[in-house]
There are 4 protein chains.
Amino acid sequence: MKTAFFGDIAPIRFEGPDSSNPLAYRWYQPDRVVLGKRMEDHLRFAVCYWHSFCLTGSDPFGQATFDRPWQGGDGLAGARLKADVAFDAFELLGVPFFTFHDRDVAPEGADFAESLRNFQVMADVLAGKIEESGVRLLWGTANLFSHPRFMAGAATNPDPQVFAYAAATVKNCLDVTRRLGGRNYVLWGGREGYETLLNTDLRRELDQLGRFLSLVVDYKHKIGFDGTILIEPKPKEPTKHQYDFDTATVYGFLKRYGLEQEVKVNIEANHAMLAGHTFEHEIALANALGIFGSLDVNRGDGLLGWDTDQFPNNVEDVALPLYHVLQGGGFVNGGLNFDAKIRRQSIDPVDLLYAHVGGIDICARALLVAAEMIESGRLAGHVADRYAGWETPEGQALLKGELSLADIAADVERRNTEPRAQSGRQEYLENMVARYL
Amino acid sequence: MKTAFFGDIAPIRFEGPDSSNPLAYRWYQPDRVVLGKRMEDHLRFAVCYWHSFCLTGSDPFGQATFDRPWQGGDGLAGARLKADVAFDAFELLGVPFFTFHDRDVAPEGADFAESLRNFQVMADVLAGKIEESGVRLLWGTANLFSHPRFMAGAATNPDPQVFAYAAATVKNCLDVTRRLGGRNYVLWGGREGYETLLNTDLRRELDQLGRFLSLVVDYKHKIGFDGTILIEPKPKEPTKHQYDFDTATVYGFLKRYGLEQEVKVNIEANHAMLAGHTFEHEIALANALGIFGSLDVNRGDGLLGWDTDQFPNNVEDVALPLYHVLQGGGFVNGGLNFDAKIRRQSIDPVDLLYAHVGGIDICARALLVAAEMIESGRLAGHVADRYAGWETPEGQALLKGELSLADIAADVERRNTEPRAQSGRQEYLENMVARYL
Amino acid sequence: MKTAFFGDIAPIRFEGPDSSNPLAYRWYQPDRVVLGKRMEDHLRFAVCYWHSFCLTGSDPFGQATFDRPWQGGDGLAGARLKADVAFDAFELLGVPFFTFHDRDVAPEGADFAESLRNFQVMADVLAGKIEESGVRLLWGTANLFSHPRFMAGAATNPDPQVFAYAAATVKNCLDVTRRLGGRNYVLWGGREGYETLLNTDLRRELDQLGRFLSLVVDYKHKIGFDGTILIEPKPKEPTKHQYDFDTATVYGFLKRYGLEQEVKVNIEANHAMLAGHTFEHEIALANALGIFGSLDVNRGDGLLGWDTDQFPNNVEDVALPLYHVLQGGGFVNGGLNFDAKIRRQSIDPVDLLYAHVGGIDICARALLVAAEMIESGRLAGHVADRYAGWETPEGQALLKGELSLADIAADVERRNTEPRAQSGRQEYLENMVARYL
Amino acid sequence: MKTAFFGDIAPIRFEGPDSSNPLAYRWYQPDRVVLGKRMEDHLRFAVCYWHSFCLTGSDPFGQATFDRPWQGGDGLAGARLKADVAFDAFELLGVPFFTFHDRDVAPEGADFAESLRNFQVMADVLAGKIEESGVRLLWGTANLFSHPRFMAGAATNPDPQVFAYAAATVKNCLDVTRRLGGRNYVLWGGREGYETLLNTDLRRELDQLGRFLSLVVDYKHKIGFDGTILIEPKPKEPTKHQYDFDTATVYGFLKRYGLEQEVKVNIEANHAMLAGHTFEHEIALANALGIFGSLDVNRGDGLLGWDTDQFPNNVEDVALPLYHVLQGGGFVNGGLNFDAKIRRQSIDPVDLLYAHVGGIDICARALLVAAEMIESGRLAGHVADRYAGWETPEGQALLKGELSLADIAADVERRNTEPRAQSGRQEYLENMVARYL
């Protein structure tokens, strides 16, 4: 350990399901082979700099509660200490990846130039730590939402100078992400939306956003970044309406600007919930549309209307999403980023570890469940049987467009018979899933 | 009047804002010219057969409360009586349009052939009444959700025979809609979705739906139907998830299947709310994406989680949506359909009239407000000023893609200045709108 | 089996966790002793007549999908067949209890007198079947919401004649419940609320409801009914606002009318969710207020805004509620009623059994988890430690009111020290719970 | 003006409905007599220190955007400047009242003693300004939620020392409120609730809260404070669950601890919405229960799940609440506090004025509407007619408990007739209300 932040806690190790050690894994064994691949390679866990090392426990009604020694004092010294603590955490947890915003790792400077210098200094620091620790960068992203300059959006700002500022920021962040070996680059449009339609030109803002994304994609190719560009959908919060509402909306946007082959989605559980969807719905849809990229794993609270970003702690909540990830072929560049924050009252450093240990173990156990569901093939088999009629020549003729509407109608009128109803078997299937849990 | 259903109520007339007659219009004057067009031609009101003449006041916890003499007895006789009462209502209200589902106007028969015969008999009846009354058909649609055969979807059913049955049904309904001079044909996918992902093949169902819509579009052209094909988005209810979630989702779907030039949206206020949007958002977005078609005007209850389909009764709720309709050029084939039902305790025939009189007057008053907002130009002017920077050569260079990300970044680094923040003026603009109300 | 409804399905038996038989229990062993009591006596499962034998699969947008032979034909003959099938189901499932509304078991007659005769005939039938089968009545209740006469409420109706009608109905239902050995009598105020405040006198309606409940309590004592009177809270649906919103509201109502020693609550999971609460919150609060009675176990869908009444299928969703039940001393007269319905597409008789088998097993497994949490004492111990300061003399002095506000302030000013913050340990505790699951 | 903060803006004056001056009142005329009372005396507007002079435009995803010169630098100097600007605003707006938290007006010190000294210094300052300006204090309150010491609650903290600290704080704040002539003292339990039941002893926390409130009430009497003690209900945010969930919950709590004659409610529009209620519901219920006190007027966004605290801008949203206030006899000690904040992008000082001018005008116009509804008596008359049966001897006999359940049943059985249904006339009444708007 580089720092004393976590005291004398030893690295978290696998001790098996019977362990009562709150700082041991009961399910997560990186090297255990599941469906022919190491658990670590399936899950590709990442710890999130933002939530774990930048937040202070403040909320809209209360001040900071966490004691984070790197927050005060000189910016770069603080950033270095923060990086040391972060890598201490990564190593204690034994995770293979981390993720960051530019502003998480380096302080805002007095002007653009100083901010950039700060970021480049810290990029050097991080490069060294990556080299040293073997912990890799799952994705980088630029914070285009915290500073007042972005209050009315970044790419969708009414002021083209803010667009330019944001573009320059992303350019540099993409450079650093590439240099640090990042596997993906994420765009989350926290302020790309509106507070009121009364002052908003919707069409214009969508075109600005389309242009911005095209610029990013072009630049990615120019510099030979071989990672994936990801959009992270969210319907609202902080803004009243965000343009990247959900996976379906992002897909339509990508099609509109001809980018559906270039950009994929980073789906977050809590964002899916805020958009009125389950996490697994968003994954299944992204698979269906060919734009599945990566996951921000966390949990929301269905009774609260904001992004609570809690650590996952229910196996079923994660098992069905992972089942869909596996059905889609698993992660390529993506992974499981803990976009999750400890509660405001969890003020001890060890709380950060408890939270991650719990989250990692839930996901590991969920992977085992999902793998068993895949291996048994019963669920997929049931689904295939249900649609078997579509694989017959008659079904295929309908689907392929070999018959016109009038042809079909003539045939129905001729036969004049009622289709036979079949049970949807929802409770049976839910019981089947419960069996694996 | 053909029937005694409404007793001796006289046709509803305009009496002006000071009238205290609950069966008079205070704002709706069909011939009043607003922004160069008759009020009637702006608003294109339609009364909805389904809500007003088919519902019985039942709800998930209670039986029918309305006395509707046409519901019992012989199917076709009941259908004829229902048509007589419906046209009595249209004439009492003085509305120019109505809308229907096939099953609203004609009873389900013992088999497909009989159902079709029933529908054709009633199409003749309706043709006569249209001729006689001058009331026109805004749109027709097929009920592909009430009968048990559609319990697992129509186009998206796991059974291709149900797909075929639905296709044949739409073919006939489109034929009748064309014959009756319908200006649009609507598809509402009430069961095109899923109850549980566990028994669902999402990708397959989307492809089925794409095929179905393509068949309909091809057939429209084949028969020379010159109305508009409309999809009505709804996110959920009755199903857990519906594929036509909202305008953005429908747009992505249309793009995926190459139908974005062929199909537009019929936006409903309450459906927008259930999807997490305002009514005006959906309209503004449809305008921006070029797929605005028609409106189902009603109101939901933000504290209840289902489609309450209440009559509109707040001017502001309608004025902003109409402002966006006017900004987009107004209705072409579309109009304002009252997709609204009287409450279960509103058991007297006159309650149907009160409801429509109130709704029509709110919309008429809202049109005057929206027109004043358009005419003053202050709101639009404020928006244009806010984005003025994008009209400069520098702004246009960014938007048109004349500069690469690296070019933009180089320029930002060189200038190294902070963009100047400007107030969003939300409260000022809200006050401005309140002024028109 | 009295009927052929379920075909040749054999009674459901315990086969252990490894069984793959979808019609066997994996966890539910009635005689297994948990915390010193038989599982059956802890859980006191009841099957619900209403959901399982009266519903038809209709929803607000669709017709009946279930084939229920008792629905057509002569009322009492149908009611007898329904009772035979219901008791076949109770016996197949091996549950100790059932629950009913008066209208579930006997058809509405042409007038009050005939309805009452029907009910009394069926009470005789049920008495015989209870005797024969050993299946007991957990609670009875009167349906005061389905018939149009109750459209504006029962006790809270603006018409005192409806109040009287409802009172007479409850009198007879309480008589039958007593005669059949019911352990509780439930009042669910589905229409005791309002659709609009515009036509409602809130204070008057509350007083009516208070009078009604007092009448019922007096009558209970008069006839020597030794069961518990229960109110079932629900915030809305079918009405916009229901007076028995949640446990806290019911408590205030009981206090207002002096009934807090006489009446307890029957808490439903899905109703809790609609009111913005977790199921365990409502149970913990009822325990704290001394009004915990019984449970309607089911699950809602946090993404849908209505009462979905699904069968429970997630162990955690039930384990925490049962933990609070056990902490409160367990059920006395209450039990676990499956206020849950199979989905509309679950059209086969066997789907009714799958649903109950799954629900029963989830609850049995949850009981084991809750019992382990109780036995280990770790969770309760953590809570006790957290509040230990209140057990000191200083803490007790504050709590008992021995010091005035001025005394306390003087002491704080004198000491002038900052209290010491302690971690809330939420993630640690969540992990601890996950460990038991 | 004491400061240059608002530049050379002149005091806001009434200019009548046709004024297009955005800094003039179109409806608010303090001296206009409505229902026999001056408008100012009806509405009793208060500007809120917290929202208008303490917030900075930060949100959970973004930094401060407002330039508030008093925020930096020395605490007390800043507090003095803030007070000068606040009173400048009060005078520009011409409002009769303001409201504050202790921490809004005076900075937290290094320890309890210093915080108290700061507060007392500022109390002197405020006393002078009140004297000078004639602007009065509607209510004071203590901030028991922002400082980390209150992260686990104030009165409901697991640590009795925090309870004591909070008690001492309230004692001093009540002293100052009394000294400054405050008409009410408010308790908002922002952290009196829980984040997770896993670490919470619900019953114990309720007893702590009951004790706390009793101490406050006793002290109020001891010092002869003749204002009203108010609880402000809120269901959640910042905590997951707050004990003062809504009016009904607060009523039950007051009854439990024998305080229902001593304490009333301060109802906020946005809090009502978060609890699943309309604003008018909460007011009507508080009237019915005899605990109506004061209002926090603002508006929420039904599509966002958090407290948006926007300024009211829809007449109907305020007219119905004011109708219920007037029906209950109007405000006694209470008033209309703008618990509302300008949007984050409203960065200019003048935006604060626009917001209040709009809010004040909406409320003034709503008062005129509500007064017209009262004067016409049509709505109240309709309600009285609907319940007329309860005023008959038969109705009264039922309500007064002169008949037992058995008596009533015997009578119903004897008569054996069906009550006659009457239309609820919801749409008619909604149209009637729309007429006044």
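Which residues does Leu230(A) touch, not counting residues up to four places away in sequence? The answer is Asn184(A), Tyr185(A), Val186(A), Leu187(A), Val263(A), Lys264(A), Val265(A), Asn266(A), Gly293(A) and Ser294(A). Please keep in mind that this is a predicted model.

- Leu230(A) sits in strand 10 of chain A, which spans residues 228-232. With a relative accessible area of 0%, Leu230(A) is buried.
- Val265(A) is 35 residues away from Leu230(A) along the chain, yet their C-alpha atoms are separated by 4.9 Å. Val265(A) is also among the residues that Leu230(A) touches.
- His51(B) belongs to helix 2 of chain B (residues 49-54). This histidine counts as buried, at 5% relative accessibility.
- Leaving aside residues up to four places away in sequence, His51(B) touches Asp309(B), Phe338(B), Asp339(B), Ala340(B) and Lys341(B). A polar atom of the His51(B) side chain lies 3.4 Å from the backbone nitrogen of Ala340(B).

**Where chain A meets chain B**

- This interface brings 97 residues of chain A into contact with 96 residues of chain B.
- Together the two chains bury about 8200 Å² between them, with 66% of that area on carbon and sulfur atoms.
- Four salt bridges are counted between chain A and chain B. One of them pairs Glu418(A) with Arg149(B), whose closest N and O atoms are 2.6 Å apart.
- There are also 35 residue pairs in polar contact across the interface of chain A and chain B, with both residues at pLDDT 80 or more.
- On the side of chain A that touches chain B, helix 7 of chain A (residues 202-223) provides the largest share, 12 residues.
- That side of chain A is made up of 47 nonpolar, 25 polar and 25 charged residues.

**Where chain D meets chain A**

- Here the contact involves 30 residues from chain D and 30 residues from chain A.
- Chain D and chain A bury about 2900 Å² between them, 58% of it on carbon and sulfur atoms.
- Which three residues supply 27% of the area that chain D buries against chain A? They are Phe61(D), Met151(D) and Gln345(D), which supply more than any other three residues.
- The interface of chain D and chain A has four salt bridges. One example joins the side chains of Lys240(A) and Asp301(D), at 2.8 Å from N to O.
- Polar contacts across the interface of chain D and chain A come to 14 residue pairs, both residues being at pLDDT 80 or more.
- The side of chain D that touches chain A divides into 13 nonpolar, seven polar and 10 charged residues.

**Salt bridges within chains**

- Over all chains, the count comes to 92 salt bridges.
- In chain C, Arg149(C) and Glu108(C) form a salt bridge, with their closest N and O atoms 2.8 Å apart. This pair links distant parts of the chain, 41 residues apart. Arg149(C) is in the loop between strand 5 and helix 6, while Glu108(C) is in the loop between helix 4 and helix 5.
- In chain D, Asp31(D) forms a salt bridge with Arg38(D), the closest N and O atoms being 2.6 Å apart. Asp31(D) is exposed, with a relative accessible area of 55%, and Arg38(D) is partly exposed at 26%.
- Helix 6 of chain D (residues 160-179) holds both Lys171(D) and Asp175(D), four residues apart, about one turn of the helix. Their side chains meet in a salt bridge of 2.9 Å, N to O.
- Lys171(D) counts as buried at 14% relative accessibility, and Asp175(D) as partly exposed at 22%.
- In chain A, a network of salt bridges links Asp31(A), Arg38(A), Glu40(A) and Asp41(A).

**Cysteines**

- How many disulfides does the structure hold over all chains? The count is zero.
- Cys48(C) is in no disulfide, and the nearest cysteine sulfur, that of Cys54(C), is 8.0 Å away. Cys48(C) is buried, with a relative accessible area of 3%.
- Cys48(D) is likewise in no disulfide, with the nearest cysteine sulfur, that of Cys54(D), 8.0 Å away. Cys48(D) is buried, with a relative accessible area of 3%.

Technical notes:
Residues numbered from 1 in each chain as written. Chains lettered and ligands numbered in written order. Predicted model: local features only at pLDDT ≥ 70, side-chain atom pairs only at ≥ 80, totals over all residues. Heavy atoms only, no water. Contact = heavy atoms within 4.5 Å. Buried area = accessible area lost by both parts, 1.4 Å probe. Polar contact = N/O pair within 3.5 Å; in protein donor to acceptor, adjacent residues only side chain to side chain. Helix = DSSP H or I, 4+ residues; strand = E, 2+ residues; numbered from the N terminus. Nonpolar A, V, L, I, M, F, W, Y, C, P; charged D, E, K, R; others polar. Disulfide = S-S within 2.5 Å. Buried < 20%, exposed > 50% of the residue type's maximum accessible area, 1.4 Å probe, protein only.
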